[in-house]
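Subject: Handover of a structure

Dear colleague,

Please find below the structure that I am handing over to you.

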Amino acid sequence: MTSVHHSPTPAGPLTPKAFTDAVTAITNSFGDPTRRAIYLHVHEAGKAGVTATQAAEHFGLHPNVARHHLDRLASGGHLDVATDRSSGGAGRPSKRYTASSESVTLDTPVKTDDLVLTLLGRALSLLPPDQAQTMAESVGEEYGRAIAISLGGDAASGQRSLRSALHTVAEALTGHGFAAHTERRGTQLRIVNNHCPFGDVAIENPVICAVDRGMVKGMLSALYGPADPSHSASRPKGDSFCVTDF
């Protein structure tokens, strides 16, 4: 039988904001009852996993609806995605989804190692500002591109709109501890991060924010195409959240 357990609470006091961020991250992935049922179904399938078509048939859903739920779970880091080339049919191979771990774990946003982050911030501060920014953004971009590719990202297909791609990016960021969501302000789209997994180290060393910007840039390059995001609000500037504009 599948067991559901919560991860240990991170060390330190549980503030109202930390609690809200944790609930937001979990709700984004598991707030929908159909999505919860699909996740458990994939989990029970074990290493064989399921495709969107199989999930749709099992739950009586349209394949696009099943694919939406599966992609949301994958973006949150709860499912792994691989190309299924065993169907033998014509057209593009389908994606097969498998559970990321043997046990069902509802993680709160990622708590990074403060000591390692402090060391990183100190090391970056020894470089000229422009070099530190370039390096931090480059590392984030490579990591972001790898995340998108693991989700089946393919900008060459031309099937994603910018809005759809940003939504996927926000889900992936939430899975990595950013508690992110998309917003539209007039004609402008943006991603709002309500939680920073880098903590106070980013405030003391704002260059670390370039890693976040690079992750977004890398994911978008794989999911949609070239993009040049910018931060209009950030915690190092004194804001209570971070905003990436497009």
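The notes below go from the chain as a whole to single residues.

Basis of the notes

This is a predicted model, in which local features need pLDDT of at least 70 and side-chain atom pairs count only at pLDDT 80 or more, while totals for chains, interfaces and linings use all residues. Residues are numbered from 1 along each chain as its sequence is written, and side-chain values use heavy atoms, with hydrogens and water left out.

Confidence

The pLDDT is the predictor's confidence in each residue, from 0 to 100. The chain averages a pLDDT of 77, and 75% of the residues score at least 70. Residues 1–12 have a pLDDT below 50, and this stretch has 18 contacts in the model beyond near neighbours in sequence; a contact means heavy atoms within 4.5 Å. For residues 107–112 the pLDDT is also below 50, and that stretch has 18 contacts beyond near neighbours in sequence. Where pLDDT is low, the predicted coordinates should not be read in detail.

The chain as a whole

The chain contains nine helices and nine strands. Helices (H or I, at least four residues) and strands (E, at least two) are DSSP runs, numbered from the N terminus. Of the 246 residues, 41% count as buried; buried means under 20% relative accessible area, exposed over 50%, and partly exposed in between, with a 1.4 Å probe and protein chains only. Among the contacts with a separation of 6 or more, 64% come from residues 24 or more positions apart.

The nonpolar core

A nonpolar core is a set of buried Ala, Val, Leu, Ile, Met, Phe, Trp, Tyr and Cys residues joined through side-chain atoms within 4.5 Å. The largest one has 48 residues, and those with the most contacts inside it are Leu70, Leu79, Val169, Leu173, Phe198 and Met219. Helix α9 (residues 209–223) gives the most to this core, with nine residues. Leaving out residues up to four places away in sequence, Met219 touches Gly144, Arg145, Ile147, Ala148, Val169, Ala172 and Leu173.

The cavity

Rolling a probe the size of a water molecule over the atoms shows where empty space is left. On a 1 Å grid over the protein atoms alone, a cavity is a set of points where a 1.4 Å probe fits but cannot get out, and its lining residues have an atom within 4 Å of a point. Grid points are joined across faces, edges and corners, and a volume is the space filled by probe spheres set on the points. The count is one cavity of 30 Å³ or more, and the largest cavity holds about 80 Å³ of space. Its lining consists of Phe178, Asn193, Asn194, His195, Cys196, Phe198, Cys209, Asp212, Arg235, Phe241 and Cys242. By class, this lining has six nonpolar, three polar and two charged residues. Here Ala, Val, Leu, Ile, Met, Phe, Trp, Tyr, Cys and Pro count as nonpolar, Asp, Glu, Lys and Arg as charged, and the others, Gly among them, as polar.

Strand β9

Cys242, one of the lining residues, is found in strand β9 (residues 242–245). Cys242 is buried, because its relative accessible area is 8%. In sequence Cys242 and Asn194 are 48 residues apart, yet their C-alpha atoms are 6.7 Å apart in space. Thr244 is found in strand β9 too, and Thr244 counts as buried because its relative accessibility is 0%. Beyond its neighbours within four places in sequence, Thr244 is in contact with residues including Leu189, Val216 and His231.

Other residues

Ala179 is found in the loop between α7 (162–175) and β6 (180–185). Its phi is near 50 degrees, a positive value in a residue other than glycine. With a relative accessibility of 2%, Ala179 counts as buried. Ser125 is placed in helix α5 (residues 114–125) and is partly exposed, with a relative accessible area of 48%. Ser125 and Asn205 are 80 residues apart in sequence and 7.4 Å apart in space, C-alpha to C-alpha.

Yours sincerely

Notes
On a 1 Å grid over the protein atoms alone, a cavity is a set of points where a 1.4 Å probe fits but cannot get out, and a pocket is an open set with protein on both sides within 12 Å along at least five of seven lines; lining residues have an atom within 4 Å of a point.
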